[in-house]
Amino acid sequence: MKHLLTLAAFLVATGLQAQMVNSGADLYISNGATLYVGMDFQNINSATLTNNGIFEVTGNLLNSSSATLTGNGEFKLMLNLTNQATMNLGGATVTFMGNTTSQLTSGGGTINTMKLNKTAANVELMDDAGIQSLLEFLANNNKLVLGEYDVTLASVSGASDSRYI
């Protein structure tokens, strides 16, 4: 990893689950750098995560407690994205991957590009979502499930009879 300005993250083990927590610090992932988190990640207590590289999380990504999630990089997520604070991913790409259904709670935050690369699994909206640029379907049997919520988007690519909203 290149240029981590400040990292006040620690691991918390609870039973068989673990998580990485950024509590009140500024975490910066620079262009060309990758941060891989093989568990849940929490951005809390006025923390700021700025991702201009690649941030890959195999567990859930939670942004809460006056924290900020921002950047122009790629967020690669295996499970859920839950925003309960400030999320401005207006220049970023969020890619949902893996073979488990994911849930997206945008909390009013913005996403530039969202890619669905699930293996026979879906992404479910848990609130209204805004995708500023592109929703891209990358694998067969991928769906964006709206439920009772709405998605606002500019364009869609890769849609077919097995890839749709």
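User: Why is asparagine 45 called partly exposed?

Analyst: In this predicted model, asparagine 45 has a relative accessible area of 42%. Buried requires under 20% and exposed requires over 50%, so asparagine 45 is classed as partly exposed.

User: Where does asparagine 45 lie, and what is its phi?

Analyst: Asparagine 45 sits in the loop between β5 and β6 (48-51). Its phi is near 55°, a positive value in a residue other than glycine.

User: Why does serine 65 count as partly exposed?

Analyst: The relative accessibility of serine 65 is 39%. Serine 65 is located in the loop between β8 and β9 (68-70), and its phi is positive, about 55°, although serine 65 is not a glycine.

User: Which residues does glycine 59 touch, not counting residues up to four places away in sequence?

Analyst: With those neighbours set aside, glycine 59 touches Met39, Asp40, Leu79 and Asn80. Leucine 81 is 22 residues from glycine 59 in sequence, with a C-alpha to C-alpha separation of 9.4 Å.

User: What makes strand β5 largely enclosed by the rest of the structure?

Analyst: Strand β5 (residues 40-44) is largely enclosed because five of its five residues are buried. Asp40, Gln42 and Ile44 are buried on one side, and Phe41 and Asn43 are buried on the other, which covers both faces of β5. In a regular strand, side chains alternate between the two faces of the sheet.

User: Which way do β5 and strand β8 run, parallel or antiparallel?

Analyst: Strands β5 and β8 (residues 61-63) run parallel and are joined by three bridges. Two bridges are enough for strands to pair, so β5 and β8 qualify with three. Glutamine 42 has leucine 62 in β8 as its bridge partner.

User: Which residues touch the most other members of the largest nonpolar core?

Analyst: Phe41, Phe55, Phe75, Leu81, Leu104 and Met114 do, in a core of 32 residues. Strands that each supply at least two residues of this core include β7 (54-57), β12 (86-98) and β14 (110-118). The largest share, five residues, comes from β12. Beyond four places in sequence, phenylalanine 41 touches residues including Met20, Leu27, Phe55 and Leu62.

Conventions: Residues are numbered from 1 along each chain as its sequence is written. This is a predicted model: local features need pLDDT of at least 70, side-chain atom pairs count only at pLDDT 80 or more; totals for chains, interfaces and linings use all residues. Side-chain values use heavy atoms; hydrogens and water are left out. A nonpolar core is a set of buried Ala, Val, Leu, Ile, Met, Phe, Trp, Tyr and Cys residues joined through side-chain atoms within 4.5 Å. Buried means under 20% relative accessible area, exposed over 50%, partly exposed in between (1.4 Å probe, protein chains only). Helices (H or I, at least four residues) and strands (E, at least two) are DSSP runs, numbered from the N terminus. Contact means heavy atoms within 4.5 Å.
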